[in-house]
Amino acid sequence: MQPTCVFHHPGDSHGTRPVTEARLHRCDTAHFTIRVDDLGYKVAGRPVLSGVTLHSSAQRIGVVGRNGSGKSTLARLLAGLLEPTSGQIRIGGHDIFSDRRAALATVGILFQNPEHQIIFPSVAEEITFGLRQQGMDKAQAAARTDAVLRSFDKPHWKDAPISALSQGQKHLVCMMAVLAMRPQLLILDEPYAGLDIPTRRQLARYLHRVETRLFHISHEPSDLEGCDELFWLDRGRIVAQGTPAALLPDFTAEMIRQGDLDDIADLAG
Ligand SMILES: Nc1ncnc2c1ncn2[C@@H]1O[C@H](COP(=O)(O)OP(=O)(O)OP(=O)(O)O)[C@@H](O)[C@H]1O
């Protein structure tokens, strides 16, 4: 049986400290592994990912790659939103695509664009929805929603219409909604794209404090400097693996080289 990663939020039965003060419980990484074996994904017969093998128990895993390399497709496959064309994905021992119940307990995903995630008009409804999907009754879901809002110091957002929030605030709603579900793994698909520097820094600080296990996908090397282990995705394949210190200088140099050579028409690769 997989160990459960327990977050402590205020106001529910697990107890209680705001995120702004708490170091939320760090998961036991030794027992939680992401295993991707010979993964392939095709769209209309065209390979988007090929032979992707990635094994990691790191707390913060990063994937770097240029536009069109297949990063978002990999994120969606790991979240169980797409079915692999070939190969296998196991997250914490679960086949996330086939076992939706395990998926809801195991993996959360934050998209680049909060509009792709948000479906309800108010903040509380948005947070509550995922909890109800996980099987909580109304009272439990409401209590957890209140707790999460308090833990982010945003109880006054409860009835706020999401349409009135800024882009950065919408990102934070998505983050609260996904963390409320207490996933063992949080997949970040370029969650800071299009945000200004202060908002990026604020969201990154929230993520740092919750200390959940992260799988962070980005084309921006600076987003991934804090990762424990990094994979470089290029044209649908993993081409290198290492620490950020070892891999990012090579990635950056290669991106500059390609930028100097490329015709923009070649971007989709
Ligand atoms: N449903 C789809 N239909 C057609 N093409 C697709 C589909 N999904 C992915 N692709 C193609 O697969 C390639 C990889 O796309 P993906 O969005 O995964 O890349 P990415 O690395 O996330 O790119 P970006 O950094 O620009 O967001 C692209 O060429 C894309 O056009």
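**Notebook: helix pair, sheet and ligand shell**

I began with the helices and noted that helix 5 passes helix 6 in a right-handed crossing. The model I am reading is a predicted one, and in it the axes of helix 5 (residues 167-180) and helix 6 (residues 197-210) come within 10 Å and cross at roughly 10°.

Sorted by class, the contact of helix 5 with helix 6 holds six nonpolar and three polar residues, with no charged ones.

Next I turned to the sheet, which is open, has six strands in the order 5-6-7-3-8-9, and shows mixed pairing. Its edges are strand 5 (107-110) and strand 9 (237-242), each of which pairs on one side only. I traced strand 8 (residues 229-234) to strand 9 through five bridges, the two running antiparallel, and I saw Leu-230 standing opposite Gly-242 in strand 9. Helix 7 (residues 244-261) packs on the sheet, where I found it touching strand 3 (60-64), strand 8 and strand 9, and its direction makes about 25° with that of strand 8.

Last, I checked the ligand, which twelve residues surround, the closest being Val-48, Asn-67, Lys-71, Ser-72 and Thr-73. Helix 1 (residues 71-78) gives the most to this shell, with three residues. By class I recorded three nonpolar, eight polar and one charged residues around the ligand.

Methods: Residues are numbered from 1 along each chain as its sequence is written. This is a predicted model: local features need pLDDT of at least 70, side-chain atom pairs count only at pLDDT 80 or more; totals for chains, interfaces and linings use all residues. Axes are lines fitted to C-alpha atoms, for helices over the stretch in contact, and angles run from 0 to 180 degrees between N-to-C directions. Helices (H or I, at least four residues) and strands (E, at least two) are DSSP runs, numbered from the N terminus. A crossing is left-handed if the near helix is turned anticlockwise from the far one by less than a right angle, and right-handed if clockwise. Ala, Val, Leu, Ile, Met, Phe, Trp, Tyr, Cys and Pro count as nonpolar, Asp, Glu, Lys and Arg as charged, and the others, Gly among them, as polar. A residue is near a molecule or strand if its C-beta atom, placed from the backbone, lies within 6 Å of it. Two strands pair if DSSP finds at least two bridges between them. Two residues are in contact if their C-beta atoms, placed from the backbone, lie within 7 Å.
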